[in-house]
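Please look at the sequence and the model below before reading on. The briefing then takes the contact between two chains, and after that some local features of one of them.

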Amino acid sequence: MHLAVLTVVAVFITCGVYLLLDRTLLRVVIGLGLLSNGVNLALLASGGLGPGAAPILGHGSAAIVDPLPQALILTAIVIGFGVTALLLTLAFASYQSQLSDDLEDLHGRLDDE
Amino acid sequence: MMNNLCVLPVVIPMATGVLLMLTQARPALSRAIAISGNILSLGVALALVETVRADGIQVLAFGNWPAPFGIVFTVDMLSALMVAVTMVVSTATLLFASVSLDDLHKKNFFYPLFQFLLMGVNGAFLTGDLFNLFVWFEVLLVSSYGLMALGSQAYQLQETFKYLVINALSSALFLIGVALIYGATGTLNMADLVFKFPALADSGMAGVIAVIFLVVFGIKGALFPLYVWLPRAYYGPPTVISGLFGGLLTKVGVYALFRTVTLFFAPGSTFVLPLLSFVAGATMLLGVLGALSQWDFKRILSYHIVSQIGYMIMGLAIYTPLALAGGIFYIIHHILVKTSLFLVAGAVEKRYGTTNLRALGGAADGSPLLATLFMFAGLALAGAPPLSGFVAKFMLLRSGLEAANHLVVAVSLVVSFLTLYSMMKIYRYAFWRQEAENAIVVQGEPVRTFAIAALVTLSLVLGLGGAILLPYVEIAAAQLLDPVAWGTVVLEARVR
């Protein structure tokens with residue numbers, strides 16, 4: 001179980017980093033999305049995977065699952081959503097002003113001397 | 001000891017920011033609200049500093065859930081000082097911005113974003129929980145993306161995109177670090193981690209986690225070799241916003257390093273401090289060399305941010321009471337002086353329409369007061385007496401010699417001279433050289449000069465009267481070097 005989840009995490013993060021290194025704005029955005037999903041899965045695994053009852057007081061005395069990683073992931077998903085939305089807006093705005101979504105074309109005239 | 005005062009530096013900017021969203025269409029009213037909110041937070045921050053000095057570490061456990069279970073705010077002297085200096089420079093910056101930004105910025109959420117940025121910065125300084133620190137980082141970063149792109153020039157958009165991507169990457173790494181710590185110790189509360197982290201020392205996990213967090217805070221704090229994003233990103237936005245970023249944002253990363261390294265990474269580790277010592281030297285040297293090659297007022301100052309961060313990390317790497325006190329003194333000095341230098345650049349840009357040194361010249365004739373203020377701030381940056389930089393550098397150099405860390409001391413001395421040279425270059429090309437050109441915009445100049453003068457005067461006060469601040473930074477350093485006492489206070493805080 002752990003190995004399977006960790007493999008998925010590794011694949012997500014690898015693909016995310018690969019896309020992040022691309023020169024196309026949209027691929028960078030998608031890469032960040034993959035990366036943050038991989039990280040969310042890693043957070044899930046940090047609480048320990050496996051069977052367990054819902055963590056409700058008074059219900060079931062056997063092993064319960066750890067609710068904290070899920071709360072952390074929920075927060076991370078919300079933040080990731082907001083940042084991705086902002087990133088897409090920026091990508092679109094710079095596409096509109098430069099008429100290109102290639103980072104190579106985005107050096108601009110005010111480059112370092 | 002539980003104290004509700006701890007949360008006010010976050011609540012006041014939040015409330016002010018929400019209020020300012022409603023008064024968006026009326027810049028004059030917005031300005032009054034923003035400045036009063038800032039002054040209120042400044043008062044609270046100074047009260048916090050005095051409370052910590054008199055009564056020791058203050059804690060606030062939200063919902064009265066005690067420390068390892070709920071989220072806590074913990075205020076020791078370092079946190080209180082950082083919040084106080086944040087409010088000082090942000091008030092000066094706000095005053096400056098209110099007469100230098102045009103209505104396009106002011107009516108497009110400049111004031112609310114500014115307050116939300118302060119809320120994030122203060123939250124990061126105050127929190128005692130690792131995941132909560134991540135959340136505050138995101139709050140301040142999202143506000144900074146907004147401020148950086150404000151105005152939507154093509155250059156700003158492309159640089160903000162890069163800045164956002166690199167920060168999103170470091171946030172992802174931050175979360176991986178959080179997952180590893182939680183998986184290995186079962187807690188994210190910093191006070192609890194003080195006691196549980198040392199158990200990892202044998203497994204090799206401690207080293208992995210330490211390196212991940214050093215990379216994360218290295219990106220946020222612009223350390224060697226992760227500083228490359230900074231000079232270009234800080235060139236885009238209006239100078240007054242760059243000034244606030246240059247003074248504050250990287251210092252949140254530096255603060256997080258001071259906090260986490262002293263709490264869990266340095267005790268029991270053999271490689272963290274030597275690594276930091278190397279990084280400190282390299283950051284100083286490469287930052288200043290970058291500055292020497294530039295011909296633009298703002299770009300030179302941006303590279304000096306990188307260079308100066310090396311000095312703060314040097315204090316952390318030497319890791320003696322004097323060195324940490326010197327490092328904290330340096331952070332405070334740097335926030336004041338760096339912001340005032342950027343504001344001088346902003347005032348010059350406003351008056352003559354450019355920050356290119358080749359195009360400027362003779363500003364000392366047109367605005368002698370500005371030239372004098374720049375001279376003082378530049379000398380403070382280089383570390384000349386009687387300004388605040390001298391006291392901070394003296395403490396660092398002395399502690400470095402006492403610890404026999406001669407290489408870093410030598411590098412830092414060379415870098416100080418190069419810094420002085422770089423400041424002389426700005427002075428020579430921007431303020432001397434030729435006849436003054438006609439000023440373009442002089443409206444609002446008295447307020448701009450007042451904001452700069454206030455910060456430079458503080459630097460002078462901290463330099464001549466270093467003994468005023470010294471007891472406070474010594475308390476802060478002593479608290480940092482005793483994490484067990486800090487952790488015990490935080491874990492045992494209860495409502496009486």
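Predicted model: local features only at pLDDT ≥ 70, side-chain atom pairs only at ≥ 80, totals over all residues.

**The interface of chain A and chain B**

- In contact across the interface (heavy atoms within 4.5 Å) are 36 residues of chain A and 33 residues of chain B.
- The area buried between chain A and chain B is about 2,900 Å², and carbon and sulfur atoms give 74% of that area; buried area is the accessible area (1.4 Å probe) that two parts lose on being put together, summed over both.
- One residue pair, with both residues at pLDDT 80 or more, is in polar contact across the interface, a term that stands for a pair of N or O atoms within 3.5 Å, where within protein one must be able to donate a hydrogen and the other to accept it, and residues adjacent in sequence count only if both atoms are side-chain atoms.
- On the side of chain A that touches chain B, the elements that give two or more residues are helix H1 (2-20), helix H2 (25-46) and helix H3 (68-98) of chain A, and H3(A) gives the most, with 15 residues; helices (H or I, at least four residues) and strands (E, at least two) are DSSP runs, numbered from the N terminus.
- By class, this side of chain A has 24 nonpolar, eight polar and four charged residues, where Ala, Val, Leu, Ile, Met, Phe, Trp, Tyr, Cys and Pro count as nonpolar, Asp, Glu, Lys and Arg as charged, and the others, Gly among them, as polar.

**Strands of chain B**

- S1(B) and S2(B) run antiparallel and are joined by four bridges, and two strands pair if DSSP finds at least two bridges between them.
- B:Leu60 stands opposite B:Phe73 in S2(B).
- From S2(B), B:Val72 and B:Thr74 point one way while B:Phe73 and B:Val75 point the other way, and all are buried (under 20% relative accessible area, with exposed over 50% and partly exposed in between, 1.4 Å probe, protein chains only).
- In a regular strand the side chains alternate between the two faces of the sheet.

**Loops of chain B**

- B:Asn64, in the loop between strand S1 (58-61) and strand S2 (72-75) of chain B, has a positive phi near 60° although this residue is not glycine, and B:Asn64 is partly exposed at 45% relative accessibility.
- B:Ala222 lies in the loop between H9 and H10 of chain B, has a positive phi near 60°, and is buried with a relative accessible area of 0%.
- The peptide bond from B:Phe224 to B:Pro225 is cis, with omega near -5°, and B:Pro225 is placed in the loop between helix H9 (205-221) and helix H10 (229-233) of chain B.

**A buried alanine in chain B**

- B:Ala45 belongs to helix H2 (residues 27-55) of chain B and is buried, at 0% relative accessibility.
- Not counting residues up to four places away in sequence, B:Ala45 touches B:Val83, B:Ala84 and B:Met87.

Terms used
Residues numbered from 1 in each chain as written. Chains lettered and ligands numbered in written order. Heavy atoms only, no water.
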